[in-house]
Amino acid sequence: MSAALVLSSLGEFAGQIDLRADQDDWSALVVPQPGSAARVAKDLAAEIRGLTELSVAELSGRDGAALLTERVRGATAQVVILSGLERYPEAEWLHLELLRSQLQTPSAKVFVLSRSALAKLERYAPGVTSFLGADVWQVDEQGDVLTPTEREARLQALREQFGRTDAEVCALAERSELPSDPVFAEWLVLLDRGDLL
Amino acid sequence: MNSADISAATAWLGRAKERQRRILSTRLSPHGTAKDLFRQIRKHLLEAHDSEHLKTPRHEIFNLVKLTPKTDDEVAITGGEKDFSRTLQKPHFTRADGAMFDFVITLRELKNGEVELLAYDYELRFPPVDRDVSSGLGLFPIFLRFDLNLPGHDNDQDAMRCHLHPGADDILVPAPLLGPLEALDLLVYEIRPRNSERRRT
């Protein structure tokens with residue numbers, strides 16, 4: 001797999017899952033830390049449920065490849081999210097490879113795993129890897145959040161519009177003299193001073 | 001100001017405050033987290049795109065709707081950028097009829113699992129073609145903005161905490177308290193000329 005994966009926020013990924021549901025479709029979302037796979041899998045399920053009417057199953061592979069395969073075959077959901085693969089030893093990946101034809105069910109399957117687990121998947125389970133094709137994405141966990149640049153641009157627009165500095169706005173709020181216009185609420189939150197509201 | 005004037009002013013201000021109290025008594029505290037509300041808003045806008053009410057592409061909707069970093073209980077959900085000078089050049093959502101809008105909602109996550117609306121502003125701007133009054137068919141006002149101000153420390157302001165700017169920043173008209181999806185319903189679906197072919201001046 002190429003070193004540079006395309007970034008995708010969970011929302012964007014969830015937004016195009018409609019096109020994949022109800023067919024034997026495979027993709028992988030790579031998380032930055034092995035320890036975050038379960039949380040990201042849960043967040044992804046919430047995103048899909050929030051954005052679509054699709055049924056979602058979250059399956060853990062931590063009990064081994066055989067049980068994971070059994071769970072995939074038993075799942076009736078349109079989207080199946082698989083995580084808990086981080087501690088698989090070589091033998092477990094090889095077992096998963098052996099069982100790969102049983103994983104082919106009419107649902108969209110999404111592996112959520114770390115880059116190191118993906119490397120093992122590619123090495124020991126090339127058949128399963130071939131299911132993924134090019135559908136491997138890097139999770140952008142901050143994709144829904146204003147970037148520092150966007151945040152600064154909004155603050156600068158507020159400073160220019162009202163001719164005040166951030167410190168002056170905080171001082172007004174501390175003295176309970178903050179104008180009540182909604183933009184001042186945004187201003188304080190952008191400064192991480194929502195506590196003054 | 002003589003005593004009769006003072007009495008009249010006190011009376012109308014009292015009624016104004018009572019009106020505002022009534023408006024705000026429709027307590028809107030959506031259940032869930034700011035992130036839940038963020039997802040509902042994004043879904044609303046994506047559905048508007050899918051039904052061709054919004055021209056803004058799906059990928060741009062994902063780029064336009066953002067949360068402020070979560071470091072505290074107070075969070076803002078932003079939709080596009082505030083266009084103070086109404087240049088129409090700032091990132092915004094565009095309806096199929098060319099009208100544009102942006103919004104900011106500031107809220108607080110409460111311990112009881114609800115979110116409290118602290119402030120909002122939703123501004124709808126009509127396209128330049130609708131501003132052409134030479135034919136006598138121009139659409140006024142050229143913008144509408146629904147605001148929920150912060151709870152005022154000045155009691156006089158409280159009488160107009162929830163208001164509409166009908167095309168003028170200095171004019172405030174009392175408005176209903178709007179839930180986030182209700183406000184988007186107004187901007188996306190509801191507020192438009194009754195008959196775009198037969199404009200009334």
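# A walk through a two-chain model

Chain B has five helices and eight strands, where helices are DSSP runs of type H or I with at least four residues and strands are E runs of at least two, numbered from the N terminus. This is a predicted model, in which local features need pLDDT of at least 70, side-chain atom pairs count only at pLDDT 80 or more, and totals for chains, interfaces and linings use all residues. Residues are numbered from 1 along each chain as its sequence is written, chains are lettered from A and ligands numbered from 1 in the order in which they are written, and side-chain values use heavy atoms, with hydrogens and water left out.

Let's stay with chain B for a moment. Follow it along the sequence and you get the pattern α-α-α-β-β-β-β-β-β-α-β-β-α. Of its 201 residues, 48% are buried; buried means under 20% relative accessible area, exposed means over 50%, and partly exposed is in between (1.4 Å probe, protein chains only). Now take the contacts in chain B between residues at least 6 apart in sequence: 59% of them join residues at least 24 apart. Contact here means heavy atoms within 4.5 Å.

You'll find Tyr122(B) in strand S5 of chain B, and with a relative accessible area of 1% it is buried. Which residues does Tyr122(B) contact, leaving aside neighbours within four places in sequence? They include Phe103(B), Ile105(B), Leu144(B), Phe146(B) and Leu187(B). Leu144(B) is 22 residues away from Tyr122(B) in sequence, yet their C-alpha atoms are 8.2 Å apart in space.

Next, the cores. A nonpolar core is a set of buried Ala, Val, Leu, Ile, Met, Phe, Trp, Tyr and Cys residues joined through side-chain atoms within 4.5 Å. The largest one has 64 residues, and those with the most contacts inside it are Val112(A), Leu45(B), Phe101(B), Phe103(B) and Tyr120(B). Apart from that core lies another, with 27 residues, including Trp26(A), Val72(A), Val80(A) and Leu118(A).

Now over to the helices of chain A. In helix H4 (residues 90–98), Trp93(A), Leu96(A) and Glu97(A) are buried. They cover an arc of only 100° around the axis, so they sit on the same side of H4(A); the arc is that of the directions from the helix axis to the C-beta atoms. Here's a handy rule: an α-helix has 3.6 residues a turn, so residues three or four places apart point the same way. On the other side of H4(A), Ala91(A) and Leu98(A) are exposed. What covers the buried residues of H4(A)? The cover includes helix H3 (65–74), strand S5 (108–114), helix H5 (115–124) and helix H6 (126–132) of chain A.

H8(A) can be read in a similar manner. Its buried residues are Asp166(A), Val169(A), Cys170(A), Leu172(A) and Ala173(A). Their arc is only 160° around the axis, which puts them on the same side of H8(A). Ala167(A) and Glu174(A), on the other side, are exposed. The buried residues of H8(A) are covered by elements including H7 and H9 of chain A.

Ser176(A) is in the loop between helix H8 (166–174) and H9 of chain A, and at a relative accessible area of 41% it is partly exposed. Arg86(B) also has a positive phi, near 50°, in a residue other than glycine. Its loop runs between strand S2 (74–79) and strand S3 (93–94) of chain B, and at 18% relative accessibility Arg86(B) counts as buried.

Finally, the pockets. Rolling a probe the size of a water molecule over the atoms shows where empty space is left. On a 1 Å grid over the protein atoms alone, a pocket is an open set of points where a 1.4 Å probe fits, with protein on both sides within 12 Å along at least five of seven lines, and lining residues have an atom within 4 Å of a point. The largest pocket has a volume of about 420 Å³, a volume being the space filled by probe spheres set on the points, which are joined across faces, edges and corners. Its lining has 21 residues, and Asp43(A), Glu141(A), Val145(A), Lys35(B) and Leu67(B) lie nearest its centre. Helix H2 (37–51) of chain A and helix H2 (34–50) of chain B each supply at least two of the lining residues.
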